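Me: I have a model open and would like to learn how to read a few of its features. Could you walk me through them?

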Amino acid sequence: MGDKKVYTAIGLMSGTSLDGVDAALVETDGMNIVRPIGFVSEAYTPELRAALRACFGKDTLDEAGKATERQMTLVHARLIKMLMALYPKHKPQIIGFHGQTILHDVGRKITVQIGDADLLAKETGINVIHDFRSADVAAGGQGAPLAPIYHAARVKAEKMALPVALLNIGGVSNITFCGKNNTVAFDCGPGNALMDDYTKAHLKLDFDPDGAFAGAGKVDEPIIYSWMAHKYFSQRPPKSLDRNEWDIAAMGPLATGLVGLSVDDALATLLEFTAQGILRAFDHLPLPPKCIFVCGGGRRNKTLMRRLAKILPCPVKNVDGLGWNGDATEGECFAYLAVRSLKGLPISFPGTTGVAEPLSGGAMVKA
């Protein structure tokens, strides 16, 4: 199958939950070989998180936005240097730099990820592949999710009994269905975003630890009923979401019912919304999976995991039980996608983004 060279690559991810940057060091051929080597992460400072949040929804950056982009890029560079110092025998040949999504509007054929790839290449001395989503969106695809080809490679390497599903719970939640002959993937709905935004606004915390506040609350069922009437949940995939679609302020009248609730009840209701969106995703899978494995920050929310285990029609397990690093999965994915891009292999597919035919993507900046 063409170029079988194994590369050492670093993949970077800054998700829409704005918790920080993940950096993963991987050896891969971009096909069947995936050997995770190391992982580091760094939380954003409250100031940088706020500055990034101020960029959400914009298709161009003003001077303040450009300064934020530079600051964010330097955090990425610092983590790359940290990985290189920790694993000096594994010299990376390519970096996969996702950047920070600030706008994703498929209707307008716009997807914007900020991050200065030229600065990153200069700081690290390593070639950088970035802009992974634009080619897919320009060709009529959703531009997301991009992780399915990596998920499928890991599932194949594990020789799992198929079909299985992988669920990533970040700012939004997305699911990958791996069958014997097909891979289907799409965004389910909200992930951590609504809960995190509410917790920050009302408790001055970045997130609800272990889902403790939500676990102590009572779900407002009428609110859930009204939210689940949103057309997105009945829409057939391929489909994807902008993080801001599930922003409490942007939800307007949909969120007014939260005003009269206690903090615990509001968080319980927001958590249930996330869970119900994931449950509804099962309506769009080709077959019921034998098991679903959860990665991303949401897997740490014990209340959410218990709720998913109760309502989903298959066993729910943490990917860490497979020996994977559930925090590193998306970073590893972009290392893998960078190598595929380097080799001209497709990174998006009709069954994942809805693009007409398998398509490569990404743009290279040389150091």
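Predicted model: local features only at pLDDT ≥ 70, side-chain atom pairs only at ≥ 80, totals over all residues.

Me: At what angle do the axes of α2 and α3 cross?

Reply: Helices (H or I, at least four residues) and strands (E, at least two) are DSSP runs, numbered from the N terminus. Axes are lines fitted to C-alpha atoms, for helices over the stretch in contact, with angles from 0 to 180 degrees between N-to-C directions. Here α2 (residues 63-86) and α3 (residues 117-124) cross at roughly 35 degrees, their axes coming within 9 Å.

Me: Which residues make the contact?

Reply: Contact means heavy atoms within 4.5 Å. From α2 come Arg70, Thr73, Leu74, His76, Ala77, Ile80 and Lys81, and from α3 Leu119, Leu120, Glu123 and Thr124.

Me: What lines the second largest pocket?

Reply: On a 1 Å grid over the protein atoms alone, a pocket is an open set of points where a 1.4 Å probe fits, with protein on both sides within 12 Å along at least five of seven lines; lining residues have an atom within 4 Å of a point. There are 22 lining residues, and Ile149, Ala152, Ala153, Lys156 and Thr183 are the closest to the pocket's centre. Helix α5 (148-158) and α13 (329-342) each give two or more residues, with α5 giving the most, six.

Me: How many aromatic pairs are there?

Reply: Rings of Phe, Tyr and Trp (its six-membered ring) pair if their centres lie within 6.5 Å; planes under 30 degrees apart count as stacked, over 60 as edge-to-face and the rest as tilted. The structure has five such pairs. In one, phenylalanine 132 and phenylalanine 334 have ring centres 5.2 Å apart and planes at 70 degrees, so this pair is edge-to-face. Phenylalanine 132 sits in the loop between β6 (128-130) and α4 (134-138), and phenylalanine 334 in helix α13, 202 residues apart.

Conventions:
Residues numbered from 1 in each chain as written. Heavy atoms only, no water.
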